[in-house]
Every structure is written in C-alpha cells, then in structure tokens.
Amino acid sequence: MDDKLLSGLKKIVEVSTDEDILDEFSHDASLFEVKPQVVVYPKDEKEVQALVKFVETNKKDHPNLSLTGRSGGTDMSGGSINDSIIVNFQKYFNAAPIVNGNIATTEPGVFYRDFEKETLKHGLIFASYPASREICAMGGIVNNNAGGEKSLQYGKTERYVKRVKVVLSDGSTCEFKPLNQSELKKKMELKNLEGEIYGKMFALIDKNYDQIKKAEPQVSKNSAGYFLWNVWDKEVGIFDLTKLWTGSQGTLGMLLEADIELVPIHKHREMMIIFLKDYSHLNDVIDIVLPLKPESFESYDDNTLKLALKFFPAFAKLLGTKGIVQTAWGFLPEFFMLVFGGLPKLILQVDFTGDNPDELKQKIEELKKKIKPMNVKTRAAIDDQERKYWTIRRESFNLLRNKIKNMHTAPFVDDFVLKPQDAAQVLPQIASIIKKREGFIFTIAGHIGDGNFHIIPLVDIKRQEVRDAIKPIADQVYDIILKHGGSITGEHNDGLIRTPYLEKMYGKKIVELFEETKNIFDPQNIFNPRKKVGGDLDYAMTHIRTSW
Ligand SMILES: Cc1cc2nc3c(=O)[nH]c(=O)nc-3n(C[C@H](O)[C@H](O)[C@H](O)COP(=O)(O)OP(=O)(O)OC[C@H]3O[C@@H](n4cnc5c(N)ncnc54)[C@H](O)[C@@H]3O)c2cc1C
C-alpha cells in the first residue's frame, strides 16, 4: 500500500503493518496463504463506516483495495484471508452478549466460548455451535452459516439469526430483519442504498422465483453460494435479508451485531455406540436411527480410532482429570481390537436428549431391539465412555493438525454433504480416489445423520506431487458429490477453494444471480473479493501454503 494511502488509513483506524502480524493474518485454518497489506482494528461503528467510505473513495485509483472481515480466523476455506485490508473484529467488537428472553445480541468478535458462558446463565444455548467452539467467534459463525453436532435436530445458524446490523458498501449502517409486505414496501421507497438493495433484491428474487426455489440443494445442510431461496416466502409474505446475509462470508458488507435465537438446554442424555465392520448395514441403521429423532448422529472411521489409540496419551490428557491408567482401562476393548484385529470400519454415535429420562431410555431400548437382527455390535455409553467417544469425534481434526510431524492438514474436500442413504455407496468411491494418490493420509468423520462428512487429508505440503494432486482430487470428488445431488459444503463455506466449483453445483444461471446479488450490495467489489463470486481456482492453487 502506498504511503499516502496508508497515512490516510491511519487517520481513521488503528493499523498494523508489522511483519509478524501480517504473517499471522496471511493464514486461517485453510490450506491457503495470502498476505494482506495491512490489518486494521476498528473500535466502533463509526470507524467501520469511515473505513468502508475510505475504500469506496479510493477504489477508482486503487482497484485492488478491499476489506475482508475477520473474527476468530478459523475459516477452513480461505474465507478470512485476502491481499488488501483485513478488518479484525476480535480486538474491540467483543462485548459480552446481552440476553433478553431467548435472544442474545452479540458483537462479531465474541468468542463462542464466552458467548455460551452468558447464555448458559439463562439455561439457554445456541444450538448450531461448530466443533471449533473453543477458538471461533460469532462473526464467523454467522458469516459461514456454521453448523455442528446438534444441527441434525436444530438445523444450522441460518435458522437462528433474527437480525443483523451491518455496514453497507457506501459506508452506511443498516439493519436487516424479516419484513412483512407493507414493511418491505416502505423499505423499497427509501432513497438510499438500503432502499435500492431492497428494491433490486425483491425484483431479482420475484422474477426468478421458481428457478431459485428449484436451485435449493436437496440435502439437509448447505453453506455453498448465496441462499436466495430462503429470502422471499411468497406463501407467508415475509421477505428476510438476514437469510441472505447468513453464510455470505463477509462478501456483502461488514457485520457489526447480530440477534441470535437460543434454545433451552435439555437436562438428560442417553447415548448409544454402534460398531459396523463394513458399510453393508449402514443404510439400514440410518433408516432405523433417524425416525427416532436423535439430537445428534455422528460417525468416524477406523483410521480416526487408530489415530486416537496411537496418540493415546494426548487423548487421555484431553479427557481430563482421571489418571492415564484408569483412562487406558476404558479404552481396553479398542486396544485389543487394534492388536488382534477386528477394529470396526465405522463407529456411529447416537445421542438422545430430552427432559424425560424414561423416554430416552425407551428410545435406546427401541434402537437396540431394531438393530439386533443385524447382528452388529452396540454399546450403551454411560459416564466417561460417553466422553471418550465424543472426544475422539471432536478432536480427530485437531489431533491430525497437531500430532504428526512434518505432515499438515489439507482441507479441500473437507465438508461435502450427501443424502445419508447415499453415504454407503459414495464414501468408498471417494476414499478410493484419495487412496490412489501417494502421500495422502486421511480419516473420515462427520455428521452421518445429516450426510455431512469431513475428509481432511494429512500431507507433506512441500512435496510437489502432493500439491499437484489437490486439484484433480477435488475435481473428481466434487463431480461425484454433485452427481448424487449433494452440496460441496455443508458448514465450512466456499472461500477460495469452493467458489470456483459453484457453477458446477448450481449451473450458469444461478451463478449469474449470485453475481447480480453481489453487484446489488457491493458494485465496486469492496468486500472479500474472490469469495462467493469471481472464484479463481488457479489463484487458489498458486496460494497453497508452502510451510506451516
Ligand atoms: C478444528 C476446527 C473445527 C471446525 N469445525 C467446524 C464445524 O463443526 N462447523 C463449522 O461450521 N465450521 C467449522 N470449522 C470452521 C470455522 O471454525 C467455523 O466456520 C467458524 O464459525 C468460523 O468462525 P471464525 O470466527 O473463526 O470466522 P473467521 O475465520 O474469522 O471468518 C469466517 C468468514 O466470515 C467472515 N467474517 C468474519 N467476521 C466478519 C465480520 N464482522 N464482518 C464481515 N465478515 C466477517 C470472514 O471474512 C470469513 O469469510 C472448524 C474449524 C476448525 C479449525
């Protein structure tokens, strides 16, 4: 950034050009590395407005100037990195959320772990927290449409965002919330950018209504593209731009505040573990489990379990207070299986929660009875057993990230969604594509009840043949997913890696509507370029990190 521009920027906001800071903000939890020119730390709404105005004014002479919002910086798709100005919301936009009834009003930089501390005081929880709950923040949760282990029962973030306060591309602040038809009409009459956005977005959606509704992926979770199909409900007459904002990866503006709906915590829990030696019974088990309406239905494979056993001391530590010997005792059956053979191919976890313990016990009994004829192994988990299975499921990705020397996680087919019943057929096909390549160690873990799977290979990213294999693997895997009517991302969103595949997923016409949407909100492409629209796979591939 030239000196004049930089000194102009410094007049309106706290700026860092420190090399260590730029290096830190060149990365998120993705496979990519893009160095920003500066990182800025706005203190309040006025500074965010001034920042956007500054870019808007200087964009003509500096076309590459842009703003990329960042909260926790744990995005796995490259969503929170870019080559111009990174706007850090963690430093100042982190006031404790205000809980009023079942709504929590939050700033974007509030870590989920702190957000939850406040909501728990009211016996309430945000039901779509992601597995990264200890390290991510509310701004990223809203902008990625995050999901998690409870999404099977509760749905994703999009269901809980009730209002957003944002700064638009002209530097003005506005609030989006659900509007009835007369409220919408009033908004469309406004003689400002907000009014223009309402008018143009309504026209775009209304004109292409059937096509847009048809484009909605028919799987239970989706974070790909702009969710145009959720905005205008003709039947009930509600037009709601929070539905478009959620999951838009900061490409439409800067998020300042959000109202998030909370749900009561259930008092009781019962859990059943099901061990499958191959995929042959998977569909039958899914058909039995889902109608019982578990809160979560999760899975991981034999490689994940092997890893947990291999790095057992690290796991024992994660499990907390008990001594390592006692913890090892709990894992004894798995150690035996590892040594003498017979580790299951898939481990399924079914969690029932509710306020009536007898009802939950009944569900477990019913599940046992229905599964019995299949002759598959099951175990009702009590106390610490429950924790050990959850820890393996939650920590498998972190273990991969931290434990294997000189090998690094490479999320690029990390979050696809299928109809759960397609998993038994499709997962082995995907595994065989990756297995064919040398240098890719991988586990399969995911939300089987939603058909949402995480494959995050472990690689030595410095090896050229590994780098060269990433695109062909992604091409083949996404072809298979899309052939089965799936989504390329259920939670982690598009970012650098998946934006280029959106046309494959939705077709040309819908991608044109995404482009028009972006243009309505952000005609100068100020916010987070190359994400959601204008994706460039070559750019992504040439920005794969070279070191960790
Ligand atoms: C170990 C691990 C496990 C994970 N598990 C899950 C999971 O279970 N489910 C899931 O959904 N995701 C998961 N993720 C991905 C990621 O953690 C989540 O999507 C999370 O919600 C991102 O939050 P963040 O605050 O870190 O976002 P960031 O990385 O800061 O940002 C995410 C996106 O939002 C935009 N953004 C952030 N703040 C603003 C703002 N104020 N204004 C405008 N744009 C903004 C960014 O530009 C970026 O595009 C995981 C990641 C890791 C590393």
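In this predicted model, Val 413 stands opposite Ile 455, a residue of strand β21. The pairing to which these strands belong is antiparallel, with 3 bridges linking β19 to β21 (residues 452-455). Strand β19, which spans residues 413-417, is mostly covered, and 5 of its 5 residues are buried.

Turning to the ligand, the shell around it holds 35 residues, of which Gly 69, Ser 71, Thr 74, Ser 132 and Gly 147 come nearest.

| Residue | Protein atom | Ligand atom | Distance |
|---|---|---|---|
| Gly 69 | backbone N or O | oxygen | 2.6 Å |
| Thr 74 | side-chain N or O | oxygen | 2.5 Å |
| Ile 141 | polar backbone atom | oxygen | 3.4 Å |

The ligand taken alone exposes 970 Å², and the protein buries 98% of that area. Two or more residues of the shell are given by each of the elements β3 (67-70), α5 (138-144) and β12 (254-261), and among the contributors α5 supplies the largest share, with 5 residues.

Key
Residues numbered from 1 in each chain as written. Predicted model: local features only at pLDDT ≥ 70, side-chain atom pairs only at ≥ 80, totals over all residues. Heavy atoms only, no water. Buried < 20%, exposed > 50% of the residue type's maximum accessible area, 1.4 Å probe, protein only. Helix = DSSP H or I, 4+ residues; strand = E, 2+ residues; numbered from the N terminus. Pairing = 2+ DSSP bridges. Near = heavy atom within 4 Å. Polar contact = N/O pair within 3.5 Å; in protein donor to acceptor, adjacent residues only side chain to side chain. Areas by Shrake-Rupley, 256 points an atom, 1.4 Å probe, with all protein chains shown as cover.
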